[in-house]
Structures are given as structure tokens and as C-alpha cells.
Amino acid sequence: MSSMRLTALLSMAAKAAFPRDYRYGTNRPWTIAAQRLNPPGKKRRKVFVEPIANEDWHVLRGDTVEILSGKDKGKQGKVAQVFRRRSWVILEGLNTHYRYIGRSGDYRGTYIASEAPLLLKDVTLIDPTDRKPTDIEWRYTEEGERVRVSVRTGRIIPKPVYQRRDGIIPQQWKDGPKDTSPEDTLQKTYTPSLKTLEEEVMEKMNIQEDRRPRKSYWY
Amino acid sequence: MGVLSALMRGLVRGADRMAEFTSKRGPRTFYKSRGARPTGVLTASRKFIPVQAMIPEFVVPSLEGFNLKPYVSYKTPAGTEQPMTPEMLFNQVLAPQIERDIEEGVFSEENLEKYGLEKTQEGKLFKLHPKNFVR
């Protein structure tokens, strides 16, 4: 019985696969809302996206950008989410429409502002010196680092500070009783040897094991 | 949800045939294990004899002076050590001894056991290939 389970286990790839023409939306593909919009058999009209190489992508999460067209034209905002597959960018609190969320029974739900995605071509990065929109190029510094440079002024635009989604700032973290301190973690206690961990543990704990398992076969 | 999402569109009717048939389904007389290893032997008269060797026993050493805890602090910076490869292991463990033996002139290809290399994996409890331990 366990032999069948082993082969079944080995053949389980278990990676969420999406069809080549899956239409990616603002919902994450594994959520119920996305499953309702894109059930397995549904085929939607193909949305054409100008292909941009991963190295040429210049808008990162946390950047401040300015909107060039649309309802909130001329406003600047921080990028909250980036969708590379559709060249979308969602800014915090800009380009919003209003909807009710969490309705049940008679209660119509909370009225919230939800942001609509903006295409990459309707958005530009902002030069930190004069806070005006500018075109961006990827160039190399003297040290060889690849940075974004504003074409108009030549000023380097630094990468936005990476903020964790759970809001934890590592420098301000207070260790709990179950946290190993950084000094203990970085201690190097490994001595390379040809024995496996199990053999070393058996030697240290003086465990004698002379029985050997019977030969068995699995398919 | 699985296949039942197609049910929502009203195209397919009936139960979910591809769901796993576990021990929670079926009649009372249906017995199926959920994967736990047996800890004894079931005899012909349906009596269960527990075998002490099949029951796992945890042998825990004393944790005096052991400072590692279950979780790692967020303040820890990324480590700088490279992951161990077979080449690195050889260079650190075997290469010095072999070089010393070659310089002394004692190195012989039939006598590789004295460096810790094994001719076959037969008779070992933890075989490297085919690997018979989980880790």
C-alpha cells in the first residue's frame, strides 16, 4: 500500500498551472474571485500587451510616479502593485472608483474607494530634484551598477526601499523568547565530514544498530 | 472548489468523481488507513499485537548550552557561506590527506578505504545510493 503512495507522491507536480491565454486580472489567480471570473473552460478575447523585457522594466513597487492621462491626470502617487503581465500599475488612492464591499443579506456593505490599474505608458517616474515627470533610461555607473537615470537632468533615481508586506522593519525587531539571536545564528559550527548526519548522531549518542532492513522493492 | 466550479454553470450534474475516497466516506465496514505506519501485527484471530520496535522512540540528548531556538530573528543579515558542494567537501576533507600520502609516496588506488571512501553501500544502515533515509 505504501509503495503505491510513493509513486503517486513522486508523480505529483502540484504547481498551479494556468493556460497560455489566461487573462490575468487585479485579483490574484488563486483566489475565489479570480476563479469566478476565469473558470477553467472560459476563453476571453486576447488582450494585447507590448512585451517589455524584465531588465527594461523601470517602475518598481514603492516608486513615486505621475499620471499622464485619465481622471487623475497630473497627480503623483506611490506605486502599490505592479502587474508585469499586463503592464499595469496600481497607485495608492489614485484613479479610484467607488464600490460596496462585504454585502450580505440586506446590508449593502462598506462604501470604499478602489483603485483601477493604469497602463505603464500613462505613468512616468518623477525626478527627485525638481519633482517633475521625466523619461527614464537604464545606465551603468562607474562601479558597474545598473541604475535608472532621468534623461532630462541626468540624476540617478534610487530604488525604493523594500518594505515587507507584513510591515516588519528588521532593524526595529525585538527578539521574542523563541527567536535565535543573530550572533547564535551566524556562528559557524559545521565541521565537514564524510559521515551523514544520522551516522554522526548515532556515534555521539552511542546507539548500536546491528539489524539491517529486509530487502524490499517498489515500483 | 475543484471540479464543482463547472457545477456552478449548470453544465455537469452529480457528485465530484475525482475527489479522493478517504476513510471518512463509504459504509461503516469500509476501512482505509490515512497513511499512519502500523505499530504492530494483526493476527489471524484479529488481535493486534504491538511490536515495541515499530513504535517510534525519541532519543533526545541534553540541551545544556544549546542556544539555537525554533525561529530566527529578523535582524539577522543574510549569510555569506556558500552551500556545500561535493567538490568543496572533497577539497576540505580528503584532499589534504591524499596530497600528503602522494608526497610521501604511500598513495595506492586499492587502499582508498583509509580515507573514508567505501567500495559498496551493501551492509550499511544509511546507504547513500540508493538513498534509504528520508533526509
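The side chains of B:E81 and A:K188 meet in a salt bridge, with N and O atoms 3.5 Å apart. A salt bridge here is a side-chain nitrogen of Lys or Arg within 4 Å of a carboxyl oxygen of Asp or Glu. Side chains of opposite charge can pair when their charged atoms come close. Between chain B and chain A the count is two salt bridges.

This is a predicted model, in which local features need pLDDT of at least 70, side-chain atom pairs count only at pLDDT 80 or more, and totals for chains, interfaces and linings use all residues. Residues are numbered from 1 along each chain as its sequence is written, chains are lettered from A and ligands numbered from 1 in the order in which they are written, and side-chain values use heavy atoms, with hydrogens and water left out.

**The interface**

In total, 38 residues of chain B are in contact (heavy atoms within 4.5 Å) with 35 residues of chain A. The area buried between the two chains is about 3,200 Å², and carbon and sulfur atoms give 65% of it. Buried area is the accessible area (1.4 Å probe) that two parts lose on being put together, summed over both. Eight residue pairs, with both residues at pLDDT 80 or more, are in polar contact between chain B and chain A. On the side of chain B that touches chain A, β3 (71-72) and α2 (86-93) of chain B each supply at least two residues. Of the elements there, α2(B) gives the most, with three residues. A polar contact is a pair of N or O atoms within 3.5 Å; within protein, one must be able to donate a hydrogen and the other to accept it, and residues adjacent in sequence count only if both atoms are side-chain atoms. Helices (H or I, at least four residues) and strands (E, at least two) are DSSP runs, numbered from the N terminus.

Over all chains, the structure holds 14 salt bridges.

| Pair | N to O distance |
|---|---|
| A:D72 and A:K75 | 3.3 Å |
| A:D130 and A:R152 | 2.9 Å |
| A:E209 and A:R211 | 2.9 Å |

The burial of these residues is judged by relative accessible area: buried means under 20%, exposed over 50%, and partly exposed in between (1.4 Å probe, protein chains only). A:D72 is buried at 9%, whereas A:K75 is partly exposed at 40%. A:D130 is partly exposed at 33%, and A:R152 is partly exposed at 45%. A:E209 is partly exposed at 26%, while A:R211 is exposed at 56%.

**The nonpolar core**

The largest nonpolar core has 14 residues, and those with the most contacts inside it are A:V59, A:V65, A:V79, A:V89 and A:L91. Strands β1 (64-67), β3 (88-91) and β7 (123-125) of chain A each supply at least two residues of this core. Such a core is a set of buried Ala, Val, Leu, Ile, Met, Phe, Trp, Tyr and Cys residues joined through side-chain atoms within 4.5 Å. Not counting residues up to four places away in sequence, A:V89 touches A:V59, A:V79, A:Q81, A:V82, A:P117, A:L118 and A:L120.

**Confidence**

The pLDDT is the predictor's confidence in each residue, from 0 to 100. Its mean for chain B is 89, and 91% of the residues of chain B reach 70 or more. The predictor gives the complex an ipTM of 0.75 and a pTM of 0.65.
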